[in-house]
Amino acid sequence: MKLTRENTSKIGKPCAVYDATGKEVLGCIACDTETGEVERFVLDENDEYIIDGDVARTIKETRPAPLRVEWLKKNGG
């Protein structure tokens, strides 16, 4: 399953992504669950976004596959 910036915003539900070792992929904004390819925000040691000008820095990397996506409930629902 491929999750892109476009289709996750249309789904409108937050999710958590985990690699095959069970480690959460923090700041994930797009991924391919079969290949382990991930695009995510770059976070500092305090799990805060690293900002370049007006834009949060992103990185593409490959994590141990398969990835697991867990859909989370929205606040209050």
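Predicted model: local features only at pLDDT ≥ 70, side-chain atom pairs only at ≥ 80, totals over all residues.
Me: Asp19 lies in the loop between β2 (15–18) and β3. What makes Asp19 count as buried?

Reply: The relative accessible area of Asp19 is 4%. Buried means under 20%, exposed over 50% and partly exposed in between (1.4 Å probe, protein chains only), so Asp19 is buried. Residues are numbered from 1 along each chain as its sequence is written, and side-chain values use heavy atoms, without hydrogens and water.

Me: Why is the pair of Asp19 and Thr21 called a polar contact?

Reply: Their side chains come to 2.6 Å. The limit is 3.5 Å between N or O atoms; within protein, one must be able to donate a hydrogen and the other to accept it, and residues adjacent in sequence count only through side-chain atoms on both sides.

Me: Which residues beyond four places in sequence does Asp19 contact?

Reply: With contact meaning heavy atoms within 4.5 Å, Asp19 touches Val25, Arg63, Pro64, Pro66 and Leu67. Pro66 sits in the loop between β7 and β8 (68–71), and the peptide bond from Ala65 to Pro66 is cis, with omega near 0 degrees. Beyond four places, the contacts of Val25 include Val17, Val38 and Arg63.

Me: What makes a nonpolar core, and which residues form the largest one?

Reply: Such a core is a set of buried Ala, Val, Leu, Ile, Met, Phe, Trp, Tyr and Cys residues joined through side-chain atoms within 4.5 Å. The largest has seven residues: Leu3, Val17, Val25, Cys31, Val38, Leu67 and Val69.

Me: How do you know that β1 pairs with β3 (residues 28–32)?

Reply: Pairing requires at least two DSSP bridges, and two bridges join these antiparallel strands. Lys2 has Asp32 in β3 as its bridge partner. The open sheet has four strands in the order β1-β3-β4-β7, with antiparallel pairing. β1 (2–3) and β7 (58–62) each have a single partner strand, so they stand at the edges.

Me: Why is the one aromatic pair found in the whole structure called edge-to-face?

Reply: The ring centres of Phe41 and Tyr49 are 4.8 Å apart and the planes stand at 65 degrees. Rings of Phe, Tyr and Trp (its six-membered ring) pair with centres within 6.5 Å; plane angles under 30 degrees are stacked, over 60 edge-to-face and the rest tilted. The Phe41–Tyr49 pair is therefore edge-to-face.
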